[in-house]
Amino acid sequence: MYPNPQDVLPLPSHPDVEHYLESAMTMAAWYDQREVIAFLLDHGVDGSTVDTADGKTALHVAAYQGNLALVELLLARGAAPSVTDARYGTTPLVWAQQAWRVDHRGPEDSCRRVIALLGGDGTEP
């Protein structure tokens, strides 16, 4: 399934490596690739890695999608819920609230639980 970590890690020293890891975390979150995120976390990628494109983290993406399992994984592995994205200056909690209350994304129960996990009350405004 995955290559042997000893064959690919440690990662080569190159300025683009960090960018690719940032993108890998957020792209994996967009496509609900929990195994990829777990692999990256297992091999030293910080759970709060910020994508330099717009400052979001995998937790922002998971929260926006109402992806309870991924939010739980990221929080359990040390992702910081207080990180703000560069574009809007908001936390994953605000992304979750925007997705549920404004954009009407995700199942209601999952969205409420994600919001509660991130510190909100999960109720209608």
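A residue counts as buried when its relative accessible area is under 20%, as exposed when that area is over 50%, and as partly exposed in between. The structure described here is a predicted model. With these terms in place, Tyr 64 and Trp 95 can both be called buried.

## The aromatic cluster

Trp 30, Tyr 64 and Trp 95 come together in one aromatic cluster. A pair of aromatic rings is described by the distance of the centres and the angle of the planes. The count of aromatic pairs in the model is two. In one of them, the rings of Trp 30 and Tyr 64 have centres 6.2 Å apart and planes at 70°; the pair is therefore edge-to-face, because planes over 60 degrees apart fall into that class. This pair joins distant parts of the chain: Trp 30 belongs to helix H2 (residues 15-30) and Tyr 64 to helix H4 (residues 58-64), and the two residues are 34 residues apart.

How accessible are the two residues of this pair? Trp 30 has a relative accessible area of 32% and is partly exposed, whereas Tyr 64, with a relative accessible area of 16%, is buried.

Tyr 64 also pairs with Trp 95: the ring centres lie 6.2 Å apart and the planes stand at 80°, so this pair is edge-to-face. Since Tyr 64 lies in helix H4 and Trp 95 in helix H6 (residues 92-102), the pair ties together parts that are 31 residues apart in sequence. Tyr 64 thus takes part in the pair with Trp 30 and in the pair with Trp 95.

## Packing of the helices

Helix H6 also packs against helix H7 (residues 108-117), and helix H5 (residues 68-76) packs against H7. The table gives the values for each pair of helices.

| Helices | Angle | Distance between axes |
|---|---|---|
| H6 and H7 | about 160° | 9 Å |
| H5 and H7 | about 20° | 9 Å |

How do H6 and H7 run relative to each other, roughly parallel or roughly antiparallel? Their angle is about 160°, and an angle over 145 degrees counts as roughly antiparallel; H6 is therefore roughly antiparallel to H7. The crossing of these two helices is left-handed. On the side of H6, the contact is made by Leu 93, Ala 96, Gln 97 and Trp 100, and on the side of H7 by Glu 108, Cys 111, Arg 112, Val 114 and Ile 115. Sorted by class, this contact has six nonpolar, one polar and two charged residues.

For H5 and H7 the angle is about 20°. Angles under 35 degrees count as roughly parallel, so H5 is roughly parallel to H7. H5 passes H7 in a left-handed crossing. Leu 68, Val 71, Glu 72 and Leu 75 of H5 meet Ser 110, Arg 113, Val 114 and Leu 117 of H7. By class, five nonpolar, one polar and two charged residues make up the contact of H5 with H7.

## Backbone angles in two loops

Most residues other than glycine have a negative phi. Which loop holds Asp 32? Asp 32 is found between H2 and helix H3 (34-42). Its phi is positive, near 55°, and the residue is not a glycine. Asp 32 is partly exposed, with a relative accessibility of 29%.

His 104 lies in the loop between H6 and H7. His 104, which is not a glycine, has a positive phi of about 55°. With a relative accessible area of 63%, His 104 is exposed.

Definitions and conventions:
Residues are numbered from 1 along each chain as its sequence is written. This is a predicted model: local features need pLDDT of at least 70, side-chain atom pairs count only at pLDDT 80 or more; totals for chains, interfaces and linings use all residues. Side-chain values use heavy atoms; hydrogens and water are left out. Rings of Phe, Tyr and Trp (its six-membered ring) pair if their centres lie within 6.5 Å; planes under 30 degrees apart count as stacked, over 60 as edge-to-face and the rest as tilted. Helices (H or I, at least four residues) and strands (E, at least two) are DSSP runs, numbered from the N terminus. Buried means under 20% relative accessible area, exposed over 50%, partly exposed in between (1.4 Å probe, protein chains only). Axes are lines fitted to C-alpha atoms, for helices over the stretch in contact, and angles run from 0 to 180 degrees between N-to-C directions. Angles under 35 degrees count as roughly parallel, over 145 as roughly antiparallel, 65 to 115 as roughly perpendicular and the rest as oblique. A crossing is left-handed if the near helix is turned anticlockwise from the far one by less than a right angle, and right-handed if clockwise. Contact means heavy atoms within 4.5 Å. Ala, Val, Leu, Ile, Met, Phe, Trp, Tyr, Cys and Pro count as nonpolar, Asp, Glu, Lys and Arg as charged, and the others, Gly among them, as polar.
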